[in-house]
Amino acid sequence: MGDPYAPARPIRGQDGVRVSDAERDEAISQLRERFAEGRLTQDTFIHRVEAALRARDRRDLAQLLADLPSPRRLGGTLLAYGQRGWAAVTSGLPRAVPATPPPVLMFPAGDRPRFTIGRDAGCDLVLADPSVSRWHAALKRCASGWLLDDLGSTNGTWLNGWRVREPVPIRPDDQVSFGAMTFMVGARTTLAAPSAGG
């Protein structure tokens, strides 16, 4: 029987290559981006970041990202999470830049107090994406503009990377996600026009 007080040997995966700080930072950055896109819940995000900080080899990091969609291309190098893991990651690779900006979601015209968003045909804005719930979210008019409210959606409503759990103010240039669908908020010039004399 070995000495129970002997220092623990490093734990290595099948490939035996220890994780570098750059690889750990890149994995956490990937998790942060998937969280902002609404692909991870807050609890899952926190758990995976903690696991990334404890990871000892590349295979550990690859497993944290294996179930997430669409491998990214960094500096011309394709990262296939489930198969090649992080063997292609090096500290000098540049950050990926999104190819196109997200579509613009305009505030509703007129004076309606509520505007619903979801997959159901009865919603004011129908988003035909399986990650969007039938009645996903709503915009509610208030004295200062609009509030964004999640209607108990399965995959969450996200505003600037934060999950919406209660009505929150939403403004032009905010980024909003309904499940996997992401938009940039735009403003109509007639929205919340000040009334005469006040």
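**Figure 1. Overview of the predicted chain.** Of the 198 residues in the protein chain, 37% are buried (under 20% relative accessible area; exposed is over 50% and partly exposed lies in between, with a 1.4 Å probe and protein chains only). The model is predicted, so local features need pLDDT of at least 70 and side-chain atom pairs count only at pLDDT 80 or more, while totals for chains, interfaces and linings use all residues. Residues are numbered from 1 along each chain as its sequence is written, and side-chain values use heavy atoms, with hydrogens and water left out. The secondary structure comprises three helices and 12 strands (DSSP runs numbered from the N terminus: H or I of at least four residues for helices, E of at least two for strands). Of the contacts (heavy atoms within 4.5 Å) between residues at least 6 apart in sequence, 45% join residues at least 24 apart.

**Figure 2. Confidence and the chain ends.** The mean pLDDT (the predictor's confidence in each residue, from 0 to 100) of the protein chain is 74, and 71% of its residues reach 70 or more. Residues 1–15 have pLDDT below 50, and this stretch has 11 contacts beyond near neighbours in sequence. Residues 189–198 also have pLDDT below 50, with three such contacts.

**Figure 3. Helix α1 against helix α2.** The axes of α1 (residues 21–36) and α2 (residues 42–54) come within 10 Å and cross at roughly 175° (axes are lines fitted to C-alpha atoms, for helices over the stretch in contact, and angles run from 0 to 180 degrees between N-to-C directions). That makes α1 roughly antiparallel to α2 (roughly antiparallel is over 145 degrees, roughly parallel under 35, roughly perpendicular 65 to 115, and the rest oblique). From α1, R24, I28, L31, R32 and F35 meet Q42, F45, R48, V49, A52, L53 and R54 of α2. By class, the residues in this contact are seven nonpolar, one polar and four charged (nonpolar: Ala, Val, Leu, Ile, Met, Phe, Trp, Tyr, Cys and Pro; charged: Asp, Glu, Lys and Arg; polar: the others, Gly among them).

**Figure 4. Helix α1 against helix α3.** α1 packs on α3 (residues 58–65) at an angle of about 5°, with the axes 10 Å apart. The two helices are therefore roughly parallel. α1 contributes E23, R24, A27, Q30 and L31 to the contact, and α3 contributes R58, L61, L64 and L65. Five of these residues are nonpolar, one is polar and three are charged.

**Figure 5. The two nonpolar cores.** The largest nonpolar core has 17 residues, and L139, L148, I170, V176 and F178 have the most contacts inside it (a core is a set of buried Ala, Val, Leu, Ile, Met, Phe, Trp, Tyr and Cys residues joined through side-chain atoms within 4.5 Å). Two or more residues come from each of β4 (114–118), β6 (137–142), β7 (145–150), β11 (175–178) and β12 (181–186). Leaving out residues up to four places away in sequence, I170 touches F107, L139, W146, L147, L148, L159, V176 and V185. A second, separate core of 16 residues includes V19, I28, L61 and L68.

Figure 6. G152 sits in the loop between β7 and β8 (157–159) and is exposed, with a relative accessible area of 66%. Between G152 and W135, 17 residues apart in sequence, the C-alpha to C-alpha distance is 8.1 Å. T182 belongs to strand β12. Its C-alpha is 9.7 Å from that of T157, 25 residues away in sequence. T182 touches P102, P103, Q175, V176 and S177, not counting residues up to four places away in sequence.
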